[in-house]
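This report covers backbone geometry, helix packing, sheet pairing and domain layout, in that order. The sequence and model are shown first.

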Amino acid sequence: MGGTGSDGWLERIGAINVWKRGDQRAPHKPLLILLALAAWRRTGTSRLSFDEAEPDLASLLRSFGPPSRSVSPQYPFVHLQSDGFWRLDADVPVGSSFTVTQLRNGVAGQFSPEFEAALSADPRLAPDVAHLVLAGDFPDSLHADICDAIGLDLDQLEVEVVHARVDRLVRRRDPQFREHVLRAYSQKCAMCGFGGLLSGQAIGVEAAHIRWHAADGPDHVTNGLALCTVHHKLFDRGVLGASADGEILVSANFAPMSEADDLYVTRLLGRELAPPQSAGERPESDHVGWHQEQVFSGPVRMTA
Ligand SMILES: [Zn+2]
């Protein structure tokens with residue numbers, strides 16, 4: 001058994017699979033681990049009373065467990081204690097002849113304090129545990145369904161891990177940039193005017209940097225444009241650009257293949273960018289010039 005670093009915990013979790021009996025699937029402990037992980041993620045503690053866990057675990061076992069007449073959530077709830085990272089707050093030893101009624105009487109289980117501390121200390125550990133448990137017992141095609149059913153936001157966990165690692169190395173973005181830019185342009189694409197709302201929220205409209213964030217472009221409204229998703233992509237790839245006086249530029253290198261390509265791209269030729277609400281929010285010509293030189297895929301298309 002490994003030490004108590006993240007690798008040590010992963011070793012312990014991985015070891016639960018060693019005790020599978022022959023060809024029989026044994027997803028009971030893995031599903032309980034995922035359920036406790038989701039609780040930890042949601043509430044800050046992995047503590048689950050058997051009363052809470054029993055219906056969830058039963059339903060998960062019915063959906064993702066082997067076909068069988070009965071599901072028995074009480075066994076993993078008690079037996080996981082033998083793996084060194086799960087405890088019950090009542091004396092129900094593994095191997096004892098306990099009853100379900102005994103557990104329903106308010107007994108709760110929880111990851112050990114050491115394991116919970118390790119999860120908090122290393123943001124990589126929770127998604128690693130989830131992947132390890134899922135990979136040990138289920139095909140890839142089911143992982144997302146299982147996470148959905150459990151309420152475990154694995155994708156978001158992964159994103160946070162990457163951010164935690166990368167944030168130390170790169171310049172942080174100003175979280176208000178998006179809001180400022182969208183407000184300045186009344187939540188509408190400055191090129192086509194797209195500005196639909198879904199439940200009152202702008203959808204498909206983004207705050208684009210004119211001089212890229214990665215090229216030291218400031219998170220300031222004068223370095224921003226509200227663009228719909230399509231025009232944002234085309235702007236960042238240099239199919240579209242802007243002149244110093246706010247005219248939309250279209251690259252001659254872009255080959256329209258359909259009516260829609262004309263509609264989205266070539267018909268913008270010669271149009272003006274929609275102005276922001278106040279003159280002080282207009283794109284700064286330095287940034288526009290940078291985009292034209294460094295990103296725009298010249299030459300400029302002259303006719304539609
Ligand atoms: Zn647009």
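Ser-186 lies in the loop between α10 (177-184) and β4 (197-198); helices here are DSSP runs of H or I with at least four residues, strands are runs of E with at least two, and both are numbered from the N terminus. Phi of Ser-186 is near 50°, a positive value in a residue other than glycine. In the segment after α13 (285-294) sits Pro-299, which is joined to Gly-298 by a cis peptide bond with omega about 0°. Most residues other than glycine have a negative phi, and most peptide bonds are trans.

The model is predicted: local features need pLDDT of at least 70 and side-chain atom pairs count only at pLDDT 80 or more, while totals for chains, interfaces and linings use all residues. Residues are numbered from 1 along each chain as its sequence is written.

## Packing of α2

Helix α2 (residues 28-43) packs with helix α7 (residues 125-137) at an angle of about 160°, and their axes are 10 Å apart. Axes are lines fitted to C-alpha atoms, for helices over the stretch in contact, and angles run from 0 to 180 degrees between N-to-C directions. The two helices α2 and α7 are therefore roughly antiparallel (angles over 145 degrees count as roughly antiparallel, under 35 as roughly parallel, 65 to 115 as roughly perpendicular and the rest as oblique). Their crossing is left-handed; a crossing is left-handed if the near helix is turned anticlockwise from the far one by less than a right angle, and right-handed if clockwise. On the α2 side the residues are Pro-30, Ile-33, Leu-34, Leu-37 and Arg-41, and they meet Ala-126, Val-129, Ala-130, Val-133, Gly-136 and Asp-137 in α7. Contact requires C-beta atoms, placed from the backbone, within 7 Å. The α2 and α7 contact divides into eight nonpolar, one polar and two charged residues (Ala, Val, Leu, Ile, Met, Phe, Trp, Tyr, Cys and Pro count as nonpolar, Asp, Glu, Lys and Arg as charged, and the others, Gly among them, as polar).

With α3, the axis of α2 comes within 10 Å and crosses at roughly 130°. That makes α2 oblique to α3, and the crossing of the pair is right-handed. Here His-28, Leu-31, Leu-32 and Leu-35 of α2 meet Ala-53, Asp-56, Leu-57, Leu-60, Leu-61 and Phe-64 of α3. By class, the contact of α2 with α3 has eight nonpolar, one polar and one charged residues.

## Packing of α3 with α8

Helix α3 (residues 50-64) also packs with helix α8 (residues 140-150): the axes come within 11 Å and cross at roughly 160°. This pair, α3 and α8, is therefore roughly antiparallel, and its crossing is right-handed. Leu-60, Ser-63 and Phe-64 of α3 make the contact with Leu-142, Ile-146, Ala-149 and Ile-150 of α8.

## Sheet

An open sheet of three strands has the order β1-β3-β2, with antiparallel pairing. Two strands pair if DSSP finds at least two bridges between them. The edge strands β1 (48-49) and β2 (86-88) each pair on one side only.

Three bridges join β2 to β3 (residues 108-111), and two bridges join β1 to β3. Which residue of β3 is the bridge partner of Leu-88? The partner is Gly-109, and Gly-109 is also the bridge partner of Leu-48.

## Domains

The domain assignment gives domain 1 (6-167) and domain 2 (177-294); such bounds come from an automatic or database domain assignment. The C-alpha centres of domain 1 and domain 2 lie 46 Å apart.

Definitions and conventions. Two residues are in contact if their C-beta atoms, placed from the backbone, lie within 7 Å.
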